[in-house]
Amino acid sequence: MSKGVLITGASSGLGRQLALDYHADGWRVWACGRDEGRLAELAVLGIQTLCFDTRDPAACQGAARQLDGLDLLILNAGSCEYLDELPRFDGALFARVIETNLVATGHCLAALLPQLGKGGRLAIVSSSVTWLPLPRAEAYGASKAALDYLAASLRLDLKASGIGVSLIRPGFIDTPLTARNRFTMPCLMTVAQAASATRRGLARGLHNIHYPNGFICMLRLLGALPTGLWLRLSKGLG
Ligand SMILES: NC(=O)c1ccc[n+]([C@@H]2O[C@H](COP(=O)([O-])OP(=O)(O)OC[C@H]3O[C@@H](n4cnc5c(N)ncnc54)[C@H](OP(=O)(O)O)[C@@H]3O)[C@@H](O)[C@H]2O)c1
């Protein structure tokens with residue numbers, strides 16, 4: 001029997017490319033999202049689709065009932081909104097981003113983790129933003145930093161069940177999510193490159209998957225600078 005993977009956020013961007021690539025490789029793919037039209041484009045290719053909002057716990061449980069076991073669960077659905085008017089802090093925006101990126105990941109885990117058996121793998125898509133504080137990214141960065149901890153902690157607790165956990169921290173990828181950015185995105189990757197790097201890392205069972213290498217090295221170096229120095233250097237970013 002071929003292996004099974006469920007991917008949230010598969011109606012667009014990185015998740016969509018992952019769904020296409022795993023399907024082309026002979027996996028059974030459950031592609032999840034909210035946009036019925038874009039999911040239908042995958043369904044005509046023979047990919048199974050599940051349309052639900054990850055912020056709705058009951059809908060996540062409903063999706064889980066359609067499954068009969070998974071080898072790989074990729075929690076990738078996410079959104080990005082920037083805080084543009086600081087020092088006026090937009091609490092509603094902050095709550096929205098935390099709900100979609102973090103709280104909804106919890107709903108997915110509650111519903112879908114029981115589908116992973118011994119030898120299975122959970123992958124959580126965070127971001128390279130967590131290596132370096134960037135202006136306007138308070139909500140997005142906080143949600144992703146929380147996912148980093150979530151994945152690292154789950155890795156300890158799922159080991160006894162034989163479930164591996166991979167944390168994925170991509171650099172900039174050319175997707176609808178980044179198309180809104182007004183700034184130059186260094187080392188921008190295509191979705192094909194990002195999906196390929198993700199799949200290579202998952203196939204190797206890596207705990208931490210991050211790319212592209214040069215960009216990640218730069219972020220880690222800048223992230224290691226004394227706070228005062230980064231405060232001066234980051235002037236004008238954003
Ligand atoms: N692009 C980048 O540079 C980059 C870099 C680092 C990390 N990431 C992370 O990679 C992941 C994928 O991003 P992307 O760039 O591929 O973005 P994208 O093209 O905007 O796709 C986002 C996906 O998430 C789904 N989604 C969002 N909110 C949802 C909800 N409440 N319920 C169900 N599905 C929901 C969307 O589904 P619908 O459209 O159907 O609603 C869509 O399929 C995100 O977690 C993002 O933070 C992206």
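In which sense, left-handed or right-handed, does helix 3 cross helix 4? Helix 3 passes helix 4 in a right-handed crossing, where a crossing is called right-handed if the near helix is turned clockwise from the far one by less than a right angle, and left-handed if anticlockwise.

This is a predicted model, in which local features need pLDDT of at least 70 and side-chain atom pairs count only at pLDDT 80 or more, while totals for chains, interfaces and linings use all residues. Residues are numbered from 1 along each chain as its sequence is written, and side-chain values use heavy atoms, with hydrogens and water left out.

**Overall architecture**

The protein chain has nine helices and seven strands, these being DSSP runs numbered from the N terminus (helices are H or I, at least four residues; strands are E, at least two). The radius of gyration of the protein chain is 18 Å, close to the 18 Å that the globule rule gives for 238 residues, so the chain is as compact as a globular protein of that length; the radius is taken over C-alpha atoms, and the rule is 2.2 Å times the number of residues to the power 0.38. Along its principal axes the C-alpha trace spans about 55 × 35 × 30 Å.

**The sheet and the helices on it**

The seven strands of an open sheet follow the order 3-2-1-4-5-6-7 with parallel pairing, two strands being paired if DSSP finds at least two bridges between them. Its edges are strand 3 (48-51) and strand 7 (208-211), each of which pairs on one side only. Strand 2 (residues 28-33) pairs with strand 3 in the parallel sense over four bridges, and cysteine 32 stands opposite leucine 50 in strand 3. Helix 2 (residues 36-43) packs on the sheet, touching strand 2 and strand 3, and its direction makes about 165 degrees with that of strand 3; touching, or contact, means heavy atoms within 4.5 Å.

**Helix pairs**

The table lists three packed pairs; axes are lines fitted to C-alpha atoms, for helices over the stretch in contact, and angles run from 0 to 180 degrees between N-to-C directions.

| Helix pair | Angle | Axis distance |
|---|---|---|
| Helix 4 (residues 91-112) and helix 5 (residues 138-158) | about 20 degrees | 8 Å apart |
| Helix 3 (residues 57-64) and helix 4 | about 35 degrees | 8 Å apart |
| Helix 1 (residues 13-24) and helix 7 | roughly 65 degrees | within 9 Å |

The contact of helix 3 with helix 4 is made by Pro57, Cys60, Gln61 and Ala64 of helix 3 and by His107, Cys108, Ala110, Ala111 and Leu112 of helix 4. These residues divide into seven nonpolar, two polar and no charged, where Ala, Val, Leu, Ile, Met, Phe, Trp, Tyr, Cys and Pro count as nonpolar, Asp, Glu, Lys and Arg as charged, and the others, Gly among them, as polar. Helix 1 also passes helix 7 in a right-handed crossing, and the residues of their contact divide into eight nonpolar, three polar and two charged.

**Backbone features in loops**

Most residues other than glycine have a negative phi, and most peptide bonds are trans. The peptide bond from leucine 86 to proline 87 is cis, with omega near 15 degrees, and proline 87 has its place in the loop between strand 4 and helix 4. The bond from tyrosine 211 to proline 212 is likewise cis, with omega near -5 degrees. Arginine 136, although not a glycine, has a positive phi of about 70 degrees, and this residue lies in the loop between strand 5 and helix 5.
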